Amino acid sequence: MAAPGSSPGVQATQSADTALPLGRPGRRSWTSRLGEYAGFGPALVLFGLFFLVPLGLIVCYSFWQTVDYNVVHDWTFDNYRYFFSVPTYVRTLWATVWVSVAATALTLVLAFPFAYWLARYVPKRYQKVLLILVILPFWTSYLLRVYSWLTILGPQGAMNRFLQWTGATSKPVSFFLYDRPAVILVLVYLYFPFGALTLYASLERFDWNQFRAAMDLGATPRTAMWRILLPQMKPGITTAVIFVFIPILGEYLTPQLVGGARGVMIGNLIVNFFQGAQYTRGAAAALLIAALIVVLLAVFRRSLEVEDPYGT
Amino acid sequence: MARDLDIVSRRGRLTRGALSVWALLIYVFLFAPIVLLVVFSFNANRYGTFPITGWTTKWYGQVFHDYQIRDALTTTIRIALEVTLVSTVVGTAAAFPLVRSRLRFRSGIRIALVLPIMIPGLLIGVSLLVLFTNVFHQELSPTTAVIGQSVYTTPFVLLLVAARLQGFDASLERAASDLGANTFKRLRYVVLPLLAPAILAGALFAFTLSLDEFIITLFLIGSHNTLPIYIYTQVKFGITPEVNALAALLLAASLCLMALAFVLPGIVRRALRLVPRRAG
């Protein structure tokens, strides 16, 4: 069994063509073939009716109109036109992209030395425990992890207390809270386990003898890192980027709790639209996130496919 | 070993030391907020943050006597149990064809099945909101929340069970078949006992995820409250020590459940191994 700690990014199943079908060899009747696929039935209902259909519905809604709180099935680009005609919305869209890129980059930059340390310097038998420790916060309540930062960044929080204690300020400052830096900090905190886990998985497979060979041939550690290690880690880095960036794009809670007016992201706009019964406009905003995700996946598709460039 | 190379050089030792400090800082970064939250929940200060004016368990007492919290707890557990049931059944059933059948688009189907984990929960929440209110004209209730959460939790069960099924020796089942066991008996006496640890881990996973789920529930719960939703409505007005205590309890519950998810499968596996020995 895969450890429960393995990330959703780690695909649990490999090619299973080795498993021979049961029963008599030769051609099988259509009933036995139906039985083979029957297990998909409930999943088909759950994911079809309650995942794919609603997503399709959102696509339709984004091209329909709300008139007097009723949705009219007239196909139009009005919702998108409206979104891009309001400067605040457009600014929020760019801010969302900017914050997501910054938080993802920061997560990976923080996670890489950590994963490197874990994979290279820690004895094998301790690696798993230390990895579980990193993932542990991830399996606690998402809401509480955001909330816990309020007790640190808030006016009465640890940060302010510390500054007052050192004499840096005389009264509480709300500088840490209700702005974009706070949002980025908390996002890094939330998604660090994702980044660390995927990078570690990639580093763990790396054959350090290659590193040594490079240095025997005269490469400096830095050259060995850039020319030998990082190219082989490319699929891992790509996976990490995808698994950190995508959920951040749709963040609602973090900007809501620690972002204030200046930290607003597109997720907050979407919630406001839907709470104001502006379903079609909200759908258009939601589809913009989906579009960004699709663009991201399309950009990284090639490097995702390259599983093992060295054929080891 | 590449390792000796680093130990020999002074620079290698230095790198190693620096990285160890870095790792330590990372652990502090990851655990400090959670630890602080728990510390504050025992703080007598009624603002719920610094300074620490004394230690008390008063806030925990208040949590247990708050009827709103008790209501929310009942709803949360009811939803979590239903979500666990749905996602365990659906996820386990789907794991079989995913691993065993000759699927033409196996990788495509696998991506489609884990998509609900990948995409932001916000999208699942709003899209189901539209489906329930505007298409089905259904009143929002804990049941709609159960459906929404199940979409998100089922892939986790599916992945866990599929991984176990993958490492499953198919010849065991063929042997049972040769000995005359029909499909049902093979399932009942061979497959399910071997899969039990993974299914159990999946169920605990689903339960914990449901307990903590926030964003999908926010859209689909209607006028009811789950604990995360209750905490959210309280937090909007600021930090209170009571919420800190409730938060600490919820943290402890998820950590215990996750620990169980790690430990129980091993115990079950060992227990099941004992049974045939005794019979033989």
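Chain B of this predicted model has twelve helices and zero strands, where helices (H or I, at least four residues) and strands (E, at least two) are DSSP runs numbered from the N terminus. Read from that end, the elements run α-α-α-α-α-α-α-α-α-α-α-α. Residues are numbered from 1 along each chain as its sequence is written, with chains lettered from A and ligands numbered from 1 in the order in which they are written. As the model is predicted, local features need pLDDT of at least 70 and side-chain atom pairs count only at pLDDT 80 or more, while totals for chains, interfaces and linings use all residues.

Turning to overall dimensions, the radius of gyration of chain B is 24 Å, whereas a compact globule of 280 residues would have one near 19 Å. This radius is taken over C-alpha atoms, and the globule rule is 2.2 Å times the number of residues to the power 0.38. Along the principal axes, the C-alpha atoms of chain B fill a box of roughly 70 × 70 × 45 Å.

Of the 280 residues of chain B, 46% are buried (20 or more other C-beta atoms within 10 Å of the residue's own; exposed if 12 or fewer, partly exposed in between; C-beta atoms placed from the backbone). Among contacts (C-beta atoms, placed from the backbone, within 7 Å) with a separation of 6 or more in chain B, 77% join residues 24 or more positions apart.

Leaving aside residues up to four places away in sequence, A:Thr96 touches A:Leu249, A:Met265 and A:Ile266. A:Gly263 is 167 residues from A:Thr96 in sequence, yet their C-alpha atoms are 9.0 Å apart in space.

How values were computed. Two residues are in contact if their C-beta atoms, placed from the backbone, lie within 7 Å.
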